[in-house]
Amino acid sequence: MTTGTRTTKRIKKSGDSSRRRGLRINGLTQHIVYDVEDFGTLLFSSNMEHKHWQEIATYIKDHYAEYTGFVIITGTDTMAYAGSAVSFMLQHLNKPVVFTGAQIPIFESSTDGLNNLLCSLIMATQHIPEVMLCFNKTAFRANRTIKIDSVDVEAYASPNMPSLATVDMAEDALDVNLSVKESLVRRNTVTEELDVLPVCNKEDVGMLMLYPGISADMVVCFVRDLKGVVLLSYGAGNMSEDVVDALEKLVKGGDRMFVNITSCLKGGVATNTSLQGLVRCGLILGGDMTPQAAFTKLSYVLATNLSVEERKKLMLQNLRGEITVTKIDSV
């Protein structure tokens, strides 16, 4: 799949270019009126990066008053990154933004794209002021998602948080049973206007997955030109003595930020980790953030005008529901 289409639900009278879809949602007949726009140049999602996230967020701000919700159709390879990034970039969001796509191309009869799009349009009409990812009749908080399957239509999961909603549709796709877990929805209580926050240059941030045998020299070489690094460590946050020795020299007194998260699918780094010496030097424990959330959050934090210490504190805060507030204790 490629990226480039932006679909939105209108709140004003429809024009000639608008499309309309009638549905019965939880027994009530509703009509979703939406416009379709594209970015002009189609792009494989594998090529998406920071500047494209900025373009999506800016478009939403520029057209924010025109619609009650936004649906972003993009390729699935980097959708979790894009959704996570946009969640941090949109400050004071009070409308739904939904990312979706398809595992099976839209021109094939067995495509999952039509159902994903319809479910996303439905979610874009709800008062859920979050950036979501909608796939296979399920709506997730985008910055909690990871892609778990390269082929199956059940491609996304939210390992450390339940889904926000499920959309059960009849075969005719007209009768819809929508179930929203209201207790999980984050409500924005502020009244400030939507603002788009920048992310850093793509050259400033990186992600390194630790593996058996990785040397201190290899770690030093990888991080040399970076301002921020996400480390995917073993289990509850463990790493080899060689890596610890390298990080002690890199972390002490430097401006470079290191965020430690687990490489496991589920769970997070332990607060009672054996790396307390590194933590005191400045290593940031990323809790149960996904790699995509940690990477994009760090990209956002590095773009702020804060001091290094203030940035570190910001990384530890739960900004958009991307991290579990309670402490994670693992062995």
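The part I would like examined is strand 16: is it buried or exposed, and what lies on either side of it?

Modeller: I will start with confidence, go on to the strand, and then turn to other places worth a look. This is a predicted model. The mean pLDDT of the protein is 88. Of its residues, 90% reach 70 or more. One is residues 1-16, where the pLDDT is below 50. That stretch still has 74 contacts in the model beyond near neighbours in sequence. The other is residues 327-331, again with pLDDT below 50. There the model has 13 contacts beyond near neighbours in sequence. Where pLDDT is low, the predicted coordinates should not be read in detail.

Now the strand. Strand 16 covers residues 257-262. Six of its six residues are buried, so the strand is largely enclosed by the rest of the structure. Buried here means under 20% relative accessible area. In a regular strand the side chains alternate between the two faces of the sheet. Both faces of strand 16 are covered. Met257, Val259 and Ile261 are buried on one side. Phe258, Asn260 and Thr262 are buried on the other.

Four strands form an open sheet in the order 14-15-16-17, and the pairing is parallel. Strand 14 (205-209) and strand 17 are the edge strands, each pairing on one side only. Strand 16 is joined to strand 15 (residues 228-233) by six bridges. These two strands run parallel. Val230 stands opposite Val259 in strand 16. Leu232 has Ile261 of strand 16 as its bridge partner. On the other pairing, two bridges join strand 16 to strand 17 (residues 284-285), also parallel. Asn260 has Leu285 of strand 17 as its bridge partner.

For another covered element, go to helix 2 (residues 79-89). It is mostly covered, with 10 of its 11 residues buried. Ser87 and Phe88 are among the buried residues of helix 2. Both are also in contact with Arg320.

Arg320 lies in the segment after helix 8 (308-316). It is buried yet has no salt bridge. The nearest side chain of opposite charge is Glu322, 6.7 Å away. A salt bridge needs the charged atoms within 4 Å. The side chain of Arg320 instead reaches the backbone oxygen of Ser87 at 2.8 Å. Leaving aside neighbours within four places in sequence, the contacts of Arg320 also include Leu90, Gln91, Arg141, Asn143, Arg186 and Leu197.

Two loop residues deserve a backbone check. Most residues other than glycine have a negative phi. His92 has a phi near 65°, a positive value. This residue sits in the loop between strand 5 (90-91) and strand 6 (97-100). Asn136 has a phi near 55°, also positive. Its place is the loop between strand 7 (131-135) and strand 8 (138-141). Asn136 is partly exposed, with a relative accessible area of 31%.

Back to your question. Strand 16 is buried along its six residues, with strand 15 joined to it by six bridges and strand 17 by two.

Notes: Residues numbered from 1 in each chain as written. Predicted model: local features only at pLDDT ≥ 70, side-chain atom pairs only at ≥ 80, totals over all residues. Heavy atoms only, no water. Buried < 20%, exposed > 50% of the residue type's maximum accessible area, 1.4 Å probe, protein only. Lys, Arg positive; Asp, Glu negative; His and termini not counted. Polar contact = N/O pair within 3.5 Å; in protein donor to acceptor, adjacent residues only side chain to side chain. Contact = heavy atoms within 4.5 Å. Pairing = 2+ DSSP bridges. pLDDT = per-residue confidence, 0-100.
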